[in-house]
Amino acid sequence: MLTRRQTIVAAALAALIVAGPANAQQKLKVVASFSILGDLVKNVGGERLDVVTLVGPNGNAHVYAPSPADARKLVDAKLVLVNGLGFEGWLNRLVSASGTKAPIVVASKGIKPREGHGDHDHGKIDPHAWQSIANVKVYVGNIRDALIAADAASQDAYTANATAYLAKLDALEREVKETIARIPADRRRLITSHDSFGYFEDAYGIDFIAPQGVSTEAEASAKDIAAIITQVKKQKVSAVFLENVSDPRLVRQIASETGAKIGGTLYSDALTDDKGDAPSYIELIRHNLKQLAAALG
C-alpha cells in the first residue's frame, strides 16, 4: 500500500514522463537559409528551437540548388529566416514550390545596404551585411522579434538570450577595432578571391581588393590575371588571402608572381563544421581577425 507521499511522488514522475515527449515536440521548427544565419538563430532561440539550415557548413549559397528535401523543410517550418539583400537568389522558387505557410522573415531588415560591383553575383547590392558586427546586432534584434511573434509564450527567454548574445557581440566588436588599430595604416591592404568583405572594410578600415570579376563561378582570363598582378604591385598589397568558397589557384598564382604574402583562409559566406576553424559566427570573425593581424601586422 502506497503512502500519500509516495502516491504524490509517483504521480509527479508519471506526469514528467508523459510531459517529456510532448515538450520535446513543442520546439519551434525554424529554417535558416545558410549556416551563419542559423548560428545567430540558435543563439537567440536556444533550446526552444529546432533549427535547420538550407546551405550548411562550407556551403556555397551562390551556386546552391534547392532539393525536394529542402521544400519539405519549409513545409514543416513555423518560421523561415533569410538574409535578404538578394543573397538567396533561389529563395522565391523554393518557397513557391514548397507551398509553405510559414512567415518568411528577412534578418537584414533595417540595414543600409552597400552597393556591390556590377559584376557581383548578386547584382548591384552587396548582401554580405553580416561582415559588420554592428549589422549583426540588427539581425539579432530582427530574429528575436520574429521568434517572439511566432512563439509569444517564450518572449522572456528570447529577449534574455538576445541580450546576452548582444553583449558578446559588443565585446567582439571592441576586440576587432583594437586589433586593427595595431596594424600600421599603410599595411591595411589585401587581395582576396571573392568580394564578400565590403561591410567589414567600411566598418573597420581594411582595404579588400578583389582579383577577379567576383563571381565564384567565373574563370579569370590571362588578361585579368595580368591586370591584377599589375594592380597588386602598384597598390603595394601586403597579402593575398584564400576563402572557403572560391578556387584558390588564382590567388596562389598572383602571390607567386608579386611576392605578396599568402595569408590563411578568410571565411566569408559560410561557417565550417564543428571540427573547423569557424564553427560559429563569433569564431569566424575571430579567426579572420587573427589571420589579418598575422599577415598585415
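Student: Does G116 count as buried or exposed?
Tutor: Buried means under 20% relative accessible area, exposed over 50%, and partly exposed in between (1.4 Å probe, protein chains only). The relative accessibility of G116 is 17%, so G116 counts as buried.

Student: What kind of model do these values come from?
Tutor: Residues are numbered from 1 along each chain as its sequence is written, and side-chain values use heavy atoms, with hydrogens and water left out. Local features need pLDDT of at least 70, side-chain atom pairs count only at pLDDT 80 or more, and totals for chains, interfaces and linings use all residues, since the model is predicted.

Student: Which residues are in contact with G116, leaving aside its neighbours within four places in sequence?
Tutor: G116 sits in the loop between β5 (114-115) and β6. Contact means heavy atoms within 4.5 Å. With neighbours within four places in sequence left aside, the contacts of G116 are K124, I125 and D126.

Student: How far apart in space are G116 and S196?
Tutor: In sequence, 80 residues separate G116 from S196. From C-alpha to C-alpha, the distance in space is 9.3 Å.

Student: Which residues does I125 touch, not counting residues up to four places away in sequence?
Tutor: I125 lies in strand β6 (residues 125-126). With 32% relative accessibility, I125 counts as partly exposed. I125 and E115 are 10 residues apart in sequence, with 4.7 Å between their C-alpha atoms. Not counting residues up to four places away in sequence, I125 touches L85, P113, R114 and G116.

Student: What is the phi of L85?
Tutor: L85 is in the loop between β3 and α4, and at 21% relative accessibility L85 counts as partly exposed. L85 is not a glycine, yet its phi is positive, near 60°.

Student: What about K236: what is its phi?
Tutor: K236 is in the loop between α8 (222-235) and β9 (239-243). At 65% relative accessibility, K236 counts as exposed. Although K236 is not a glycine, its phi is positive, at about 55°.

Student: What is the relative accessible area of W90?
Tutor: W90 belongs to the loop between β3 (79-82) and α4 (91-98). Leaving aside neighbours within four places in sequence, W90 contacts S33, L54, V55, A61, Y64 and P66. W90 counts as buried because its relative accessible area is 4%.

Student: How many helices and strands does the protein have?
Tutor: Helices (H or I, at least four residues) and strands (E, at least two) are DSSP runs, numbered from the N terminus. Counted this way, the secondary structure of the protein comes to 10 helices and 10 strands.

Student: How are α5 and α6 oriented?
Tutor: Axes are lines fitted to C-alpha atoms, for helices over the stretch in contact, and angles run from 0 to 180 degrees between N-to-C directions. The axes of α5 (residues 133-150) and α6 (residues 155-181) come within 10 Å and cross at roughly 175°. Angles under 35 degrees count as roughly parallel, over 145 as roughly antiparallel, 65 to 115 as roughly perpendicular and the rest as oblique. The crossing of α5 and α6 is therefore roughly antiparallel.

Student: How many nonpolar residues does the contact of α5 with α6 have?
Tutor: Ala, Val, Leu, Ile, Met, Phe, Trp, Tyr, Cys and Pro count as nonpolar, Asp, Glu, Lys and Arg as charged, and the others, Gly among them, as polar. Residues of α5 including V140 and L147 meet residues of α6 including A162 and L169. Besides two polar and four charged residues, the number of nonpolar residues in this contact is 13.

Student: Which residues of α2 and α5 make the contact?
Tutor: The axes of α2 (residues 35-45) and α5 are 10 Å apart, at an angle of about 55°. That makes α2 oblique to α5. The contact joins L37, L40, V41, V44 and G45 of α2 to V136, Y139, V140, I143, R144 and L147 of α5.

Student: How far apart are the axes of α2 and α6?
Tutor: The angle between α2 and α6 is about 120°, and the two helices are therefore oblique to each other. Their contact is made by D39, L40, N43, V44 and G45 of α2 and by Y158, N161, A162 and Y165 of α6. The distance between the axes of α2 and α6 is 7 Å.

Student: What share of the residues in the protein is buried?
Tutor: The protein has 297 residues. The buried share of them is 46%.
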